[in-house]
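Here are my notes on this one, written for someone opening it for the first time. Have a look at the model, then read on.

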Amino acid sequence: MNIIILGCNGKIGTFITDKLANYPNNKVFGLDIHENYNGKNKEVNYFKNDFIKKGLNNEIRKIISESSDLNCFINLIAKDYPVTDSNSEMFLSKNSPFDLNLDEVCDSFRTTLGSSYLLLQEVMKLKNKDIHLILIGSIFSRNLPNPENYSSEGNIFKPVAYSLSKAAQNILFKEACRTLSCEKLRINMLTLGGVYTGQNKYFVEKYTSKVPMKKMVNLNDISDCLNWILFKSPQIVNGCEFLVDGGWTLAN
């Protein structure tokens with residue numbers, strides 16, 4: 001199986017990419033905008049690729065066109081705005097969820113929604129290839145984040161741009177399933193709750209208090225779910241959204 005991971009150099013991306021490259025029958029290809037791969041697994045075939053501007057590398061297209069294996073795409077590209085460290089300059093919305101200017105909002109759409117849109121267009125060009133496309137969604141596409149998670153005063157906001165972009169991706173996912181999916185192309189989505197990547201204690205306590213299981217999603221949870229979807233799910237599993245959030249969505 002050829003597994004192509006877009007946006008492989010983030011905290012979630014390197015973990016997932018390294019894990020998937022451990023399977024001997026897989027060929028894992030990581031794509032990102034950096035010069036080098038940030039993960040540790042030497043089995044990962046890394047390509048510097050500005051996907052938003054140029055689409056897939058010619059090398060990747062050639063590998064897919066010459067292979068008879070199943071090709072799985074996982075899109076981890078997103079423009080998020082971390083707001084979980086009160087000592088960090090990453091707070092982009094101290095007074096309102098609307099602090100970003102229009103260019104910044106459009107950039108979020110271009111990156112988060114645009115990467116999935118462009119990936120679908122690229123997949124449409126790969127005629128007669130067996131493809132499984134997995135988009136990564138967010139619980140904040142349907143439920144807004146609570147400002148009280150970020151400060152006791154409730155006056156720090158996650159910019160609404162991220163929720164807007166992920167909500168739009170949900171509609172894109174539905175249209176893609178209806179219009180494009182077929183025997184040779186199935187499309188599914190993994191929608192993540194809050195993933196623990198070292199956030200401060202205050203945020204973790206506030207967020208997990210709203211999760212029925214009282215914990216955040218860990219990286220192994222994501223890896224285990226992807227393993228099932230990629231390697232064990234039957235072909236009929238198509239157009240499915242898998243919520244990995246400990247019950248947060250239903251409880252909120």
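Are Phe-140 and Trp-248 buried or exposed? Both are buried, where buried stands for under 20% relative accessible area, exposed for over 50%, and partly exposed for in between (1.4 Å probe, protein chains only).

Some ground rules before the points. This is a predicted model, so to speak of local features a pLDDT of at least 70 is needed, side-chain atom pairs count only at pLDDT 80 or more, and totals for chains, interfaces and linings use all residues. Residues are numbered from 1 along each chain as its sequence is written, and side-chain values use heavy atoms, leaving out hydrogens and water.

1. Start with the rings. Rings of Phe, Tyr and Trp (its six-membered ring) pair if their centres lie within 6.5 Å; planes under 30 degrees apart are called stacked, over 60 edge-to-face, and the rest tilted. That rule gives eight aromatic pairs. One of them is Tyr-23 with Phe-231, a tilted pair at 5.1 Å centre to centre with 40° between the planes. Tyr-23 lies in the loop between α1 and β2 (27-32) and Phe-231 in helix α7 (residues 219-232), so this pair ties together parts that are 208 residues apart in sequence. (Helices, H or I with at least four residues, and strands, E with at least two, are DSSP runs numbered from the N terminus.) Tyr-23 is partly exposed at 34% relative accessibility, and Phe-231 is partly exposed at 31%.

2. Back to the opening pair. Phe-140 is in the loop between β5 (131-138) and α5 (160-179), while Trp-248 is in helix α8 (residues 248-251), 108 residues apart. They also belong to one aromatic cluster, together with Tyr-150, Phe-203 and Tyr-207.

3. Another ring to look at is Tyr-162: the charged end of Lys-158 sits over it, 5.1 Å from its centre. For this, NZ of Lys or CZ of Arg has to be within 6 Å of the ring centre and within 35 degrees of the ring normal.

4. Now helix α1 (residues 11-20), where you'll find Thr-17. Thr-17 has a relative accessible area of 0%, which means buried. Setting aside neighbours within four places in sequence, Thr-17 is in contact (heavy atoms within 4.5 Å) with Ile-5, Cys-8, Val-28, Tyr-37 and Val-44.

5. Asn-220 sits in helix α7 and is partly exposed at 37%. Not counting residues up to four places away in sequence, Asn-220 touches Phe-15 and Lys-19.

6. Check two backbone angles. Most residues other than glycine have a negative phi. Asn-128, not a glycine, has a positive phi of about 60°; it lies in the loop between α4 (102-125) and β5 and is exposed at 67%. Lys-214, also not a glycine, has a positive phi of about 60°; its place is the loop between α6 (201-208) and α7, and it is exposed at 53%.

7. Asn-128 turns up again in the lining of the second largest pocket, with Val-123, Lys-127 and Leu-180 also among the lining residues. By class, that lining has seven nonpolar, one polar and three charged residues. Nonpolar covers Ala, Val, Leu, Ile, Met, Phe, Trp, Tyr, Cys and Pro; charged covers Asp, Glu, Lys and Arg; the others, Gly among them, are polar. A pocket, on a 1 Å grid over the protein atoms alone, is an open set of points where a 1.4 Å probe fits, with protein on both sides within 12 Å along at least five of seven lines; lining residues have an atom within 4 Å of a point.
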